[in-house]
Structures are given as structure tokens and as C-alpha cells.
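Here is a short briefing on one protein chain. Look over the sequence and the structure, then read on.

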Amino acid sequence: IKENEKNAIDSSTFRAYAETYCGINNYYFVDNPEHNGIQHIDCFAKFLDEETILIKEVNPTNPDYDCVEHLADQIKAMNSIYGRPYRIVRILAGEYSGNLTAAYTNALILNKKVYVPLFGISTDSTALQTYRDAMPGYTVTGYTSSGASKWYYYDALHCRTMGIFDKDMLRIVHRPMDSIVSVASNLITISAAIDARSGEALM
């Protein structure tokens with residue numbers, strides 16, 4: 001809103017648009033997580049699923065340390081759509097070229113694979129392991145970039161790719177199960193919303 005002064009709208013108008021056009025009625029606003037850059041969410045945080053958020057962690061001497069930690073505290077106080085606190089995973093973003101931090105959160109998740117930008121620094125291997133630990137069952141692969149196409153702290157792999165979605169997909173959404181489940185009569189009931197975007201009848 002602040003960066004688009006010419007066509008600026010207030011937050012209440014924005015929230016109304018979000019609910020009217022996107023069905024979003026619980027929109028979180030967070031403070032700026034960095035002093036510089038484009039301040040896009042994928043530069044400092046990434047949803048791994050609907051209840052897990054990966055947030056970058058920087059060295060205490062980094063100029064953005066206080067901003068990032070303040071953001072992390074804000075998100076820790078929020079609840080997911082299922083009314084439970086988000087699971088927070090921190091990923092150490094090492095520094096390169098002075099105070100610039102590696103944009104590991106600017107990764108691409110596609111099907112069962114995770115494509116992570118690498119920066120040729122010591123925290124690259126730690127970043128890959130963080131994704132593997134947080135996303136069991138996914139294949140995690142790192143990619144370097146150099147020359148004119150090298151990764152930047154504000155512009156890496158996710159920013160340069162786009163997923164092509166199947167408009168006729170079968171969408172199934174359900175609340176993830178708790179890590180500890182109380183089973184009565186050996187039965188577990190799972191409720192799911194099933195949406196056939198193709199318009200075909202569900203069998």
C-alpha cells in the first residue's frame with residue numbers, strides 16, 4: 001500500500017477486496033522484515049504446507065536481524081486456518097558479498113520436489129538439510145547460478161519460475177492429522193472438502 005502511493009487504498013478497503021474476490025476473511029498484515037530489497041514474503045518466509053512456515057534466520061550482527069526476529073515473533077503468535085499455531089521452521093541464511101543473505105526461502109516446491117537456490121557458501125549444505133528434515137518424502141535439490149543470471153538475496157529461484165496449474169484439477173483439502181492421535185474403536189474419521197474443478201461429477 002505504501003509503495004503504490006498513486007493508487008493507494010486503505011487497509012479496510014484492501015481487506016474488503018480480498019474477501020469479495022478471493023474469499024479471504026482473515027488477512028494477516030506483518031511489519032517490514034528488512035531494511036532494503038523488495039520486501040516480498042518469499043525473501044524471508046515460505047509456506048511448506050498450510051500449517052508450517054519456513055522463516056530465515058540471520059546472524060545477530062546482520063542489519064536485518066531485529067526486523068527478521070520481530071517478524072518471526074509476529075508469525076509465531078498467529079493461528080492457521082485450523083485454529084492452531086503455525087509450526088515454525090528456521091533456516092540459517094548465511095552472508096555473501098558483505099551483509100547480503102542467501103535467499104534459501106526463495107525455493108520452488110513442485111509436486112514432490114524442492115528446488116533450492118545455492119550461493120556457494122558454508123550454509124548451503126545446512127539449508128538443504130533443513131528442507132529435508134522439514135519435508136520428509138520430498139526430493140530436495142540445490143541449484144547454483146552465476147554470471148548475469150546469478151541469484152540475488154531478493155531474486156532467486158522461486159521469483160524466476162512459475163508453476164502451470166491444471167485448471168481441471170481435483171482439489172482435496174483436509175485438516176492435517178495431529179502428531180498424536182487418540183484412536184477409539186480402531187477408527188479415525190477424516191473430513192475433507194473435495195472440489196472437482198473440471199465440473200465432472202464425483203463418483
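Does threonine 52 count as buried or exposed? Threonine 52 counts as buried, because its relative accessibility is 3% and the cut-off for buried is under 20%. The model behind this value is predicted. The points below go from the whole chain to single residues.

**Confidence**
- The mean pLDDT of the chain is 85.
- A pLDDT of 70 or more is reached by 87% of the residues.
- Confidence is highest in helix H3, residues 124-134, with a mean of 97.
- Confidence is lowest in strand S9, residues 170-174, where the mean is 80.

**Overall layout**
- The chain has three helices and 10 strands.
- Read from the N terminus, the order of elements is α-β-β-α-β-β-β-β-β-α-β-β-β.
- The chain holds 203 residues, and 30% of them are buried.
- Take the contacts between residues at least 6 apart in sequence: 60% of these join residues at least 24 apart.

**Nonpolar cores**
- The largest nonpolar core has 26 residues.
- Within this core, Tyr104, Val114, Val116, Phe119 and Tyr131 touch the most other members.
- Strand S3 (87-92), strand S7 (113-117) and H3 are the elements that give two or more residues to this core.
- H3 gives the most, with four residues.
- Valine 116 has contacts beyond its neighbours within four places in sequence: Tyr104, Ala107, Leu128, Tyr131, Val140, Thr141, Gly142, Tyr143 and Leu157.
- A second, separate core has nine residues, among them Ile55, Leu71, Met78 and Tyr86.

**Second largest pocket**
- The space in the second largest pocket is about 340 Å³.
- Its lining is made of Ile41, Asp42, Ala45, Lys46, Phe47, Leu48, Asp49, Ile109, Asn111, Tyr138 and His158.
- Strand S1, residues 45-49, supplies the largest share of this lining, five residues.
- By type, the lining has six nonpolar, two polar and three charged residues.

**Threonine 52**
- Threonine 52 sits in strand S2, which covers residues 52-57.
- Setting aside neighbours within four places in sequence, threonine 52 is in contact with Lys46, Phe47, Tyr86, Arg87 and Val89.
- Two of these partners, Lys46 and Phe47, are also in the lining of the second largest pocket.
- Another partner, Tyr86, is one of the residues of the second core.

- Which loop holds serine 97? Serine 97 is in the loop between strand S4 (95-96) and strand S5 (100-101).
- Phi of serine 97 is near 50°, a positive value in a residue other than glycine.
- Serine 97 counts as exposed, because its relative accessibility is 62% and the cut-off for exposed is over 50%.
- Asparagine 111 also has a positive phi, near 55°, and is likewise a residue other than glycine.
- Asparagine 111 lies in the loop between strand S6 (108-110) and S7.
- With a relative accessible area of 68%, asparagine 111 is exposed.
- Asparagine 111 is among the lining residues of the second largest pocket.

**Glycine 98**
- Glycine 98 is placed in the loop between S4 and S5.
- Its relative accessibility is 54%, so glycine 98 counts as exposed.
- Glycine 98 and asparagine 62 are 36 residues apart in sequence, and their C-alpha atoms are 9.6 Å apart in space.

**Glutamine 129**
- Glutamine 129 is part of helix H3.
- Glutamine 129 counts as partly exposed, at 38% relative accessibility.

**Methionine 169**
- Methionine 169 lies in the loop between strand S8 (139-143) and S9.
- Its relative accessible area is 32%, so methionine 169 is partly exposed.
- Which residues does methionine 169 touch, not counting those up to four places away in sequence? They are Asp195, Ala196, Arg197 and Ser198.
- Methionine 169 and aspartate 195 are 26 residues apart in sequence and 8.4 Å apart in space, C-alpha to C-alpha.

Terms used: Residues are numbered from 1 along each chain as its sequence is written. This is a predicted model: local features need pLDDT of at least 70, side-chain atom pairs count only at pLDDT 80 or more; totals for chains, interfaces and linings use all residues. Side-chain values use heavy atoms; hydrogens and water are left out. pLDDT is the predictor's confidence in each residue, from 0 to 100. On a 1 Å grid over the protein atoms alone, a cavity is a set of points where a 1.4 Å probe fits but cannot get out, and a pocket is an open set with protein on both sides within 12 Å along at least five of seven lines; lining residues have an atom within 4 Å of a point. Grid points are joined across faces, edges and corners, and a volume is the space filled by probe spheres set on the points. Ala, Val, Leu, Ile, Met, Phe, Trp, Tyr, Cys and Pro count as nonpolar, Asp, Glu, Lys and Arg as charged, and the others, Gly among them, as polar. A nonpolar core is a set of buried Ala, Val, Leu, Ile, Met, Phe, Trp, Tyr and Cys residues joined through side-chain atoms within 4.5 Å. Buried means under 20% relative accessible area, exposed over 50%, partly exposed in between (1.4 Å probe, protein chains only). Contact means heavy atoms within 4.5 Å.
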